[in-house]
Amino acid sequence: MTLRLLRNFVLSFGLLLLMAFPFLAHHSFAAEYDASKPVTLKGVIAKVEWTNPHIRFYVDVKSPGGSTTRWEFSGPSVNTLARNGAKKESLKIGETVTVDGFLARNVKNLANMKTVKSVDGKILLDRIGDQQ
Amino acid sequence: MNPFRLAVIVLLLSLLPACTSKSPAADGKPDLSGIWEMKKDRPCPKDGCPDGEISYQFLDIGAGLPGGLPYQPWAKELVKQRTAQNGKDDPASRCMPDGLVKLHTNPFRRKIIQTPGLLVILFERDATYRQIYTDGRPLPTEVDLPSFNGYSTGNWDGDTLVVQSIGFKQGDTEKDGEWLDRNGSPLTSAAKITERFHRVDHGNLEVTLTVDDPKAYTAPWTIKLNQVLVTDSPDLIDYNCTENEQDAAHVASK
C-alpha cells in the first residue's frame with residue numbers, strides 16, 4: 001500500500017513536471033525559448049509568413065531614440081491555427097500591434113508569440129488552450 | 001405518455017446503436033477508416049499551449065508505466081543526457097521523419113483507409129504514409145531496405161487488427177536510431193513493434209503498442225495509445241516541416 005502510494009506520488013509528480021513546460025510539436029520549446037523571460041513589444045507588422053512548421057511574422061519596433069529594430073516572432077503551426085479559426089488575415093502588414101511573447105535563448109530580436117493585440121486592445125492572434 | 005412522444009423516443013433509441021457502434025467493413029471486419037488524432041490529455045500550461053495540445057506520451061512514451069521504460073544501461077544514460085539537453089537533438093527539429101511510434105503520438109491528424117488486403121494510413125506530418133499488408137503474406141524475417149516506419153503486415157484476431165513491423169532505420173550506431181518521444185527514448189534496427197488496433201466504439205480507437213527491442217530495452221514493454229475520431233472536418237492539412245524551418249540553428253541545451 002505504502003509502495004503504491006509512493007509510486008502514485010512519483011508518477012503524479014512526474015506528470016506535473018511535464019505539465020509545467022510549454023512544448024512545440026516540431027522541436028523543444030525550452031531548447032529555443034526561455035519561458036522565464038517574457039517580453040512585450042509594440043511595433044508595425046512588416047512581413048508575415050503563414051507557414052509550417054511555425055508561422056513567423058516580423059515587427060518593426062521603434063526605440064525611444066528613434067532607431068528601428070526588426071523583431072521576429074514565431075507562432076503555432078498553420079494546422080493548429082486553422083483548426084482554431086485563425087486566418088492569415090489576422091495579421092495585416094502595416095498594422096500597429098502589441099505582441100506578448102517569450103525571448104529566444106540565444107538569438108537576438110527573436111521571440112515566441114503569446115498574444116498579438118491591436119492598438120485598441122483586441123486580440124488578433126492567440127496561443128491555443130486554457131489561459132488562466 | 002403521449003403516443004406521438006413515445007414514438008419519437010422509440011425512433012431515437014433505435015438510431016442510437018448507429019451512432020455508437022462500429023460499422024463493419026465490406027469483408028465483415030471492423031472498419032478502422034476515418035480521420036483520427038491522439039487523445040490530448042495534457043492540459044496547457046497557464047500561458048497557453050504555444051502549438052496546440054498534446055498527450056503526455058508525445059513527451060515521454062513511457063508516461064504512466066510504473067517505473068518507466070526498462071532501458072538498457074546505455075539507453076538510460078542517453079535519455080538522461082538528451083532530457084538534460086532539452087531534447088535539442090531531436091531529429092524532428094531537423095525535420096527528419098517521426099517514425100512509426102511518434103506518428104501515433106504527434107498532435108497532427110491521420111487518415112486510415114481500410115481496403116481488402118491493405119490498410120493505408122496517411123499522415124499530415126510531412127504528408128507521409130504507412131502501408132500495412134493484410135493480404136495474408138508473412139512478416140519477413142529481415143528487410144533489404146530499412147525505413148523509418150518499418151515493413152508492416154497485419155492479421156485480424158477477432159475484432160482486433162494485429163500489426164507487426166520490423167526493418168527500422170538506424171544510423172551507424174544504436175544511438176542513431178529513431179526517437180520514440182521528446183525525451184529521446186531510442187529505437188534500434190533490432191526492434192519488432194506490434195500494434196493491436198481495436199475500435200472500442202464509434203469514436204475511439206485503442207492502439208496497444210508493444211516494443212520488443214532487446215538492444216535498447218531489457219524487456220518488451222506495452223503501452224496504450226488512445227486515438228479519437230475527428231468529426232469536425234473531412235480533410236487532412238499538409239504539414240511540411242521543411243517549408244520554413246528556421247529553428248534547428250537556434251536550439252540549444254541551456
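This is a predicted model: local features need pLDDT of at least 70, side-chain atom pairs count only at pLDDT 80 or more; totals for chains, interfaces and linings use all residues.
Residues are numbered from 1 along each chain as its sequence is written, while chains are lettered from A in the order in which they are written. Local features need pLDDT of at least 70 and side-chain atom pairs count only at pLDDT 80 or more, whereas totals for chains, interfaces and linings use all residues.

Colleague: How many helices and strands does chain B have?

Modeller: Helices (H or I, at least four residues) and strands (E, at least two) are taken as DSSP runs, numbered from the N terminus. From that end the elements of chain B run α-β-α-α-α-β-β-β-β-β-β-β-β. The secondary structure therefore comes to four helices and nine strands.

Colleague: What share of the residues of chain A count as buried?

Modeller: A residue is buried if 20 or more other C-beta atoms, placed from the backbone, lie within 10 Å of its own, exposed if 12 or fewer, and partly exposed in between. In chain B, 38% of the 254 residues count as buried. For chain A, which has 132 residues, the share is 34%.

Colleague: Why does the span of helix α3 of chain B agree with its number of residues?

Modeller: The expected span of a helix is 1.5 Å times one less than its number of residues. Helix α3 of chain B has 12 residues, 73-84, and should therefore span 16 Å. This agrees with the distance between its end C-alpha atoms, which are apart by 17 Å.

Colleague: Which residues of α3(B) are exposed on the face turned away from its buried side?

Modeller: The buried residues of α3(B) are B:Ala75, B:Val79 and B:Arg82. They cover an arc of only 65 degrees around the axis, which puts them on the same side of α3(B), the arc being that of the directions from the helix axis to the C-beta atoms. The face turned away from that side carries the exposed residues B:Pro73, B:Glu77 and B:Ala84.

Colleague: How many charged residues are there on the side of chain B that touches chain A?

Modeller: Two residues are in contact if their C-beta atoms, placed from the backbone, lie within 7 Å, and the contact takes 41 residues from chain B and 40 residues from chain A. Ala, Val, Leu, Ile, Met, Phe, Trp, Tyr, Cys and Pro count as nonpolar, Asp, Glu, Lys and Arg as charged, and the others, Gly among them, as polar. On the side of chain B the residues divide into 18 nonpolar and 10 polar, with the charged ones numbering 13.
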